[in-house]
Amino acid sequence: GPCTECSCSSGKEPDKDPSHIKKKENGDRVCVPKIFFGTRTHKQITQISRELQRTAYSCVPMTILSSRDYTCIHPVVSNCSNRNEMCVELLEGKHGRSCSYYHGAHKLSEHHALQPVCQAWDIEDLVSLGRRLRACPYFAAREMMLGADIVFCPYNYLLDPQIRDSMDIHLKDQVVILDEAHNIEDCARESVSYGVTESQLRAAREELELMVNNNIRQKHHEPLRAVCCSLI
């Protein structure tokens, strides 16, 4: 049956403290770790959430972290080639526009259908409910991470330090499970790799030459220009 440490056994509301600190009967404080479950693809998260529904832990507080490519429902941003940049522009209020879906994210994260008394859900359930409530699934899932006992996400959310920082993922003293871990090496290499085209290198070289010729931080820009030249 369910364990006695997490909220699934008692039906209580999840602890909203991001550090998951709870008190013992004698007054001592004990840190209850989150479980970060990493998979290779978003599709596999759906399969695992379905398996979770079949267990005694189906009602455990959970969330699924995924990219805007899968969770953005804004009619303009979701059809852009670069959803991340467009989303940031709306959140910063550039050009006098904002995102009404973002401001309604709390309606989705607090909705009864996603609470621990209900069964485990997947990305499609979250997006479908977000469309009905006109609330952002992307930011709602991030809000729910605070009270979640289990956090599902792709590998790179755990391996890439930049993504960890942007998503406020802190793995110290937490439990990390990696499904099909034989793929980790490739994912780790991708996290520290970057692809660039020759035309991008040539454009960068021209801009760096402009900087050097105008005596703008020459000692910084000359070595960068040399790198671009050598790669070209």
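This is a predicted model: local features need pLDDT of at least 70, side-chain atom pairs count only at pLDDT 80 or more; totals for chains, interfaces and linings use all residues.
Residues are numbered from 1 along each chain as its sequence is written, and side-chain values use heavy atoms, with hydrogens and water left out.

**Cysteines.** I searched for disulfides, meaning pairs of cysteine sulfur atoms within 2.5 Å, and the count came to 0. For cysteine 229, the closest cysteine sulfur is in cysteine 228, 6.9 Å away, which is too far for a bond. Cysteine 229 is partly exposed, at 39% relative accessible area.

**Pocket.** I then asked which residues lie nearest the centre of the largest pocket. A pocket here is an open set of points on a 1 Å grid over the protein atoms alone, where a 1.4 Å probe fits, with protein on both sides within 12 Å along at least five of seven lines; lining residues have an atom within 4 Å of a point. I read its volume as about 340 Å³, the space filled by probe spheres set on the points. The lining divides into 4 nonpolar, 8 polar and 4 charged residues; Tyr and Cys count as nonpolar, Gly as polar, and Asp, Glu, Lys and Arg as charged. Helices α2 (68-71), α3 (83-91), α7 (137-144), α8 (155-159) and α9 (161-166) each supply at least two lining residues. Helices are DSSP runs of H or I, at least four residues, and strands are runs of E, at least two.

**Helix α11.** In α11, I found Leu201, Leu208 and Val212 buried. Seen down the axis, the buried residues of α11 fall within an arc of 45 degrees, so they line one face of the helix; the arc is taken from the directions from the axis to the C-beta atoms. On the other side, Ser199, Glu206, Glu207, Leu210 and Asn213 are exposed.

**Loops.** I found arginine 40 between β3 (35-39) and α1 (42-53). Arginine 40 lies 8.7 Å from cysteine 153, C-alpha to C-alpha, although they are 113 residues apart in sequence. Arginine 134, between α6 (123-133) and α7, has a positive phi near 55 degrees without being a glycine. Glutamate 180, also not a glycine, has a positive phi of about 50 degrees.

Methods: Buried means under 20% relative accessible area, exposed over 50%, partly exposed in between (1.4 Å probe, protein chains only).
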